[in-house]
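Hi everyone, thanks for making the time. Please have a look at the sequence and the model on the screen, and then I'll walk you through a few places in it.

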Amino acid sequence: MAHILSPPISEGNAKGRCGHDLLSATMALNDLRDYLQTLRSFGEIQDIALPVALDLEVSAIARRCYETGAPAPLFSNFSDHPQGFRLLGAPAGLSRQAGLRLARAAVSLGLPATSGGLDIVRAIAESLALPAIDPVRRTDAACFENVLIEEAVDLNLLPLPTQRRDDSPHRLSAWGCVVAQTPDGTWTEWSIAHLMPTGTRRMLGLCTPSRHLQTIVRSWADAERPMPFALALGVMPSIPFICCMPLPAHVNKAGRLGALLRRPLETVLCRTIALEAPASAEILIEGYLESNEILECRMGDRLGFHWAENVQKQFTCRVTAMSYRDKAILPVIGSGEPVDEYQTAYGIPAAAQFLHELRGAGLAVSDVWLPLEAAQHWIIVTVPRDWRRKSGVGGSDAFCRHIGERLFVHIFESAIPQIIVINDDVNPTANDEILWALATRCHPENGRVHCGHIENERVQTDKIVYNCLPPEEWGEALPIRASFRHGYPSHIVERVLSRWEAYGFREID
């Protein structure tokens, strides 16, 4: 039974509680507005008051921000839509600022803005060993400042940008939280979905990469009952990350996010359905998924392509309520060439889950990373030089096969066909090191371990583990890398780093 809390504090009362050193401190964010306040404090928000068009212009600006590392754009004035709502682009994109490349992802998860990729992965993976912290229910939430029920609902009030010139217009972003529950109420799933309004009270969608949501949809279809759902948009920024995370079936993601944040999330009871949704939502849409399937073109996918003629089975949704805050903020993302949220919000939590699973299987693994620029095609697994003794597996091919067997049966298997296993003297987040290591350590004839095939409506390819581990006869011996950090004594490395600017050089990112 959820505990009942008093209504949330206002946006104004939240100011100033993040401490003096915003870059290095961990921050307890309660909602999207806390997040924007924090990002703005170190230059990661660009307010855009100039009137912009929802027809392509908003999405084009956001896409350029992704590709240049510019601050996240916050739109408040539209030339082709009434005022009242705001749009946030690139909510978890990369930053071009030195030392802050992953600041938006890190801050979203309550970590220091200066955290690197492996810092974030390790923090998430470590939280998986902690007991879940279940959410607590509030009596009210700010999203109920404006409530439209049944015939009063009008989805056309939302400023929905067109993503591409050959795209269907007025799509809701896939940056939020879809709440669904099994008919018996034993499992509540939080997921990510694409949706598209087709009128004032109807939508297409609830199509998601997560097989778990599809399982719940089928359970309601088998019961011949419409499935209640809630769509919470503009939620506290950590929620989309946990929604994207490939956790096992029947795991309630709200509890796992509570474990990561070391505090319970807050939920609120919906107005027209018996579901609890994130209380931090800027916009809350409630309704029922109906069982009839249709065919519909979708947006560009995470690989960086747009398939204008691609069709996919989808469902229709009947909306029973729409609630929203005053001056509500709707985050929008646009899948395209990396890097965007399909790599940061999907790839980083996936790496953490994979790390947790491999270690849980008794395999000696140092780190796991999904290179952001590889569009979810590579998983990098690094291992210590004594992996044989620690894992109890003799040959490197057998070890690589064990890794492949653990990961290729995962729900993300159709998206990630290649695994690279390499010693941990290589930084898995440094693309130049991965390229060098793959070229010099993977034997062109014997360096591939075949683990089956991937076949779906888009892809037919092999599942491959690239064995970049040294030959068996080397044992635990490795050659010394001829680089600055590896080829010199540690005291020399530290001396050069500490005196770099004194030599006359500029600081290196």
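Let's start at cysteine 317, which counts as buried because its relative accessibility is 0%. Please keep in mind as we go that this is a predicted model.

Another cysteine to look at is cysteine 270, and it counts as buried too, at 5% relative accessibility. What keeps the sulfur of cysteine 270 from bonding with the closest cysteine sulfur? That closest sulfur belongs to cysteine 143, and at 8.3 Å it is too far away for a bond. A disulfide would need the two sulfur atoms within 2.5 Å. Across the structure, the number of disulfides is zero.

Now let's step back to the chain as a whole. You can count 12 helices and 21 strands in it. There are 509 residues, and 54% of them count as buried. If you take the contacts with a separation of 6 or more, 71% come from residues 24 or more positions apart. As for the surface, the chain exposes about 22100 Å², with carbon and sulfur atoms supplying 52% of that.

Next, please find strand β7, residues 176-181. Five of its six residues are buried, so the rest of the structure largely encloses this strand. Which strands pair with β7? One of them is β11, residues 227-233, which runs antiparallel to β7 and is joined to it by four bridges. The other one I'd like to show you is β8, residues 188-191, again antiparallel and again joined to β7 by four bridges.

Over in β11, it stands opposite alanine 230, while in β8 its bridge partner is tryptophan 190.

My last stop is serine 108, in helix α3, which covers residues 103-108. Is serine 108 buried or exposed? It is buried, because its relative accessible area is 4%, and the cut-off for buried is under 20%. And what does serine 108 touch, leaving aside residues up to four places away in sequence? The answer is Tyr35, Pro237, Ser238 and Phe241.

Technical notes. Residues are numbered from 1 along each chain as its sequence is written. This is a predicted model: local features need pLDDT of at least 70, side-chain atom pairs count only at pLDDT 80 or more; totals for chains, interfaces and linings use all residues. Side-chain values use heavy atoms; hydrogens and water are left out. Buried means under 20% relative accessible area, exposed over 50%, partly exposed in between (1.4 Å probe, protein chains only). Helices (H or I, at least four residues) and strands (E, at least two) are DSSP runs, numbered from the N terminus. Two strands pair if DSSP finds at least two bridges between them. Contact means heavy atoms within 4.5 Å. Accessible areas come from the Shrake-Rupley method with a 1.4 Å probe; for residues, only the protein chains shown count as cover.
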